[in-house]
Amino acid sequence: MTAVPDIRPRADTRSWYRRNEIAITPWLFLAPGLLFFAFYVIFPIFQSFQVSFYDWDGLGDLTEQGRFIGLDNYRELAGDRNFEISLWNNLKWLLLYLLAIPMGLGIALFLNQTVTGIRLYKSLFFFPFVISQVVVGLVFSWFYLPDVGLLNVMLGWFGLSINILGSPDTATYGIIAAGLWPQTAYCMILYLTGLNAVDPEQIEAARLDGAKGPKMLWYVILPQLKPATFIAFVVTIIGALRSFDLVSIMTNGGPFGSTRVLSFYMFEKALAEFGFRMGYGAAIAVVLFLIMLVFIAYFLWSMWRDERAAR
Amino acid sequence: MFPTPIAKSSRQWQLTYQALLPVALILWLLPLIAVMLFSIKPDSDFTSGNYWGVPGSFDLISNYGKVFFESEMPRYLLNSAFITIPTVIGTVALSCMTGFALGIYRFKGNLLIFFMFIAGNFVPFQILMVPVRDFTIALDLYDTKTGLVLFHIAFQTGFCTLFMRNFIRALPFPLIEAARVEGVSEWRIFVYVVLPLMKPAIAALSVLIFTFIWNDYFWAIVLTQGPDSQPVTAGITAFNSQYRAAYHLMSAGSIVAALPPVAMFFLMQKHFIAGLTLGAVK
């Protein structure tokens with residue numbers, strides 16, 4: 001077949017759409033995703049702020065059935081002992097959850113070898129992350145059972161025993177330990193991938209200079225693992241503040257409300273107690289959101305900086 | 001390679017390392033191994049206080065049989081599948097498009113929209129809970145699988161857009177320019193040039209989203225109520241109250257509930273890890 005070259009002046013004959021195709025196409029492609037995201041994520045954030053100024057049980061329309069009470073929900077929060085406990089527990093979660101990062105790095109360094117079967121070992125070490133938090137919670141609450149749980153059976157060999165989830169002093173730490181299990185696995189896989197990409201020439205050069213062990217790790221390896229560390233920080237902090245499943249499954253906030261965190265307390269106030277208090281719940285959610293916003297802003301700022309550098 | 005490859009070290013340390021590996025693994029998975037042991041024990045072991053000894057009899061088939069034939073478990077599993085699979089398809093479809101739009105075109109507001117998707121993906125669920133529940137009730141979708149699917153698609157689109165956009169950014173741009181010079185329409189460029197190159201990203205996201213959604217608990221209890229539409233993560237609590245203190249059945253039930261994402265992970269390991277570690281290497 002012979003191709004006949006099109007030599008007519010095209011600019012005028014093309015339709016409006018064809019002429020503006022490059023400007024319009026991205027918006028057509030974005031439209032469905034943006035619509036979904038706006039209605040289910042962006043608008044609800046602002047609506048929650050609005051709800052937090054109301055006394056509302058969730059029935060009927062907010063502005064008709066609800067009663068506008070200004071900042072009263074927030075004033076009540078300031079004097080709410082349970083809110084204070086939840087806030088402190090969130091802080092414990094945040095700090096202790098970060099242990100997942102060095103622990104994950106430790107396991108990654110331990111497993112970064114080439115012996116037979118190491119791939120399977122890596123997969124099995126990563127395994128806890130794939131299991132749902134609900135099952136992790138169940139598994140750990142059985143593990144912690146007083147008298148018959150495996151932990152207490154093993155402690156029994158040394159004449160010790162502890163009822164971790166039954167005591168207000170230890171329950172939160174027990175739940176955090178359960179949460180650290182999958183989170184450490186996640187950090188481990190991030191670092192394993194990072195270690196894989198470390199520049200071997202730099203290591204050889206550093207070895208020739210006599211660097212080894214911890215010094216090598218600190219001055220040569222860790223700087224190259226920075227992207228992995230950043231992601232580990234992001235997912236760990238978000239994970240710590242999102243903790244809900246484990247608290248709900250393992251203790252349901254108890255004993256004596258000592259293991260509540262903001263996410264759980266909000267749910268309890270808005271949905272689980274008698275007479276839904278949507279407004280009060282929304283106020284708790286707003287506080288949690290504002291705490292998270294500090295971190296989100298920092299993450300976005302870092303990503304923005306990288307994005308500009310890449311341009 | 002860091003640490004120093006084991007092959008270069010002394011024979012003694014090599015042997016120690018080989019021995020240490022299984023010990024470390026058993027310690028690491030101890031809570032899980034305990035549950036597996038529970039799930040094959042007979043009921044009589046628990047009533048007689050034989051929690052950790054040798055099983056009185058090997059009851060794997062009868063325990064798991066009870067889970068599958070005498071409880072609501074199969075229904076919950078089916079619900080989970082009917083929630084998870086449409087979510088995966090919907091999310092991947094939407095994010096291929098948003099990722100294409102944000103990755104290929106330069107227009108005002110591009111970065112802003114991109115960062116809005118990322119930011120939305122980080123917010124705590126609780127700030128969305130009351131309005132999303134309301135919205136779902138208003139759509140008459142409360143306590144339906146569809147209601148849950150629609151929300152999941154919307155929320156996961158945030159993370160997936162980040163993923164897809166960065167993936168498309170890394171594709172060779174001259175390919176698209178060449179197609180444009182040929183007069184190929186933008187829509188066709190998406191379908192015939194970009195989509196075929198996105199297969200690895202689509203595979204990675206599919207397994208990740210499958211796992212995330214299968215394991216979701218919070219939205220399941222906020223947006224659904226009974227065995228008609230609740231997924232297995234929420235159903236397991238009902239299952240456990242039915243078999244209170246019957247540890248052999250609760251353990252078997254938990255393992256069954258956790259299995260599909262585990263199977264997914266082992267089948268598609270490479271894609272799963274590629275998705276999870278996106279950005280961990282520059």
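This is a predicted model: local features need pLDDT of at least 70, side-chain atom pairs count only at pLDDT 80 or more; totals for chains, interfaces and linings use all residues.
The contact between the two chains takes 82 residues from chain A and 77 residues from chain B. On the side of chain A that touches chain B, helix 2 (residues 21-51) of chain A gives the most, with 20 residues. By class, this side of chain A divides into 64 nonpolar, 14 polar and four charged residues.

Within chain A, the domain assignment gives domain 1 (50-79 + 277-311) and domain 2 (86-261). The C-alpha centres of these two domains of chain A lie 30 Å apart. Their contact takes six residues from domain 1 of chain A and four residues from domain 2 of chain A. The side of domain 1 of chain A that touches domain 2 of chain A has five nonpolar residues, one polar residue and no charged residues.

Chain B is likewise assigned domains, namely domain 1 (6-61) and domain 2 (71-276). Between the C-alpha centres of domain 1 of chain B and domain 2 of chain B the distance is 34 Å. Nine residues from domain 1 of chain B and seven residues from domain 2 of chain B take part in the contact. On the side of domain 1 of chain B that touches domain 2 of chain B, helix 2 (30-39) and helix 3 (43-47) of chain B each supply at least two residues. The largest share of that side, four residues, comes from helix 2 of chain B. The classes on the side of domain 1 of chain B that touches domain 2 of chain B are five nonpolar, one polar and three charged residues.

For chain A, an unreviewed UniProt entry gives the annotation "transmembrane region" to residues 24-46, 93-112, 124-145, 173-195, 216-241 and 280-301. In the model, residues 124-145 of chain A are 64% helix and 0% strand, with end C-alpha atoms 25 Å apart. Residues 216-241 of chain A are 96% helix and 0% strand, and their end C-alpha atoms are 34 Å apart. For chain B, UniProt (unreviewed entry) lists residues 20-40, 81-104, 111-129, 149-168, 189-214 and 245-267 under "transmembrane region". The span 149-168 of chain B is 100% helix and 0% strand, and its end C-alpha atoms lie 26 Å apart. For residues 245-267 of chain B, the corresponding values are 91% helix, 0% strand and 34 Å between the end C-alpha atoms.

Helix 14 (residues 247-267) of chain B has 21 residues, which should span 30 Å at 1.5 Å a residue; the end C-alpha atoms are 30 Å apart, in agreement with this value.

In chain A, A:Gln133 is found in helix 8 (residues 133-143). A:Gln133 is buried because 25 other C-beta atoms lie within 10 Å, against a cut-off of 20 or more. Leaving aside neighbours within four places in sequence, A:Gln133 is in contact with A:Asp245 and A:Leu246 of chain A and with B:Asn215 and B:Tyr217 of chain B. A:Gln133 and A:Leu180 are 47 residues apart in sequence, with a C-alpha to C-alpha distance of 11 Å.

How values were computed
Residues are numbered from 1 along each chain as its sequence is written. Chains are lettered from A and ligands numbered from 1 in the order in which they are written. Ala, Val, Leu, Ile, Met, Phe, Trp, Tyr, Cys and Pro count as nonpolar, Asp, Glu, Lys and Arg as charged, and the others, Gly among them, as polar. Domain bounds come from an automatic or database domain assignment. The expected span of a helix is 1.5 Å times one less than its number of residues. A residue is buried if 20 or more other C-beta atoms lie within 10 Å of its own, exposed if 12 or fewer, and partly exposed in between; C-beta atoms are placed from the backbone. UniProt positions are given in the numbering used here, feature names are shortened, and annotations may be inferred rather than shown by experiment.
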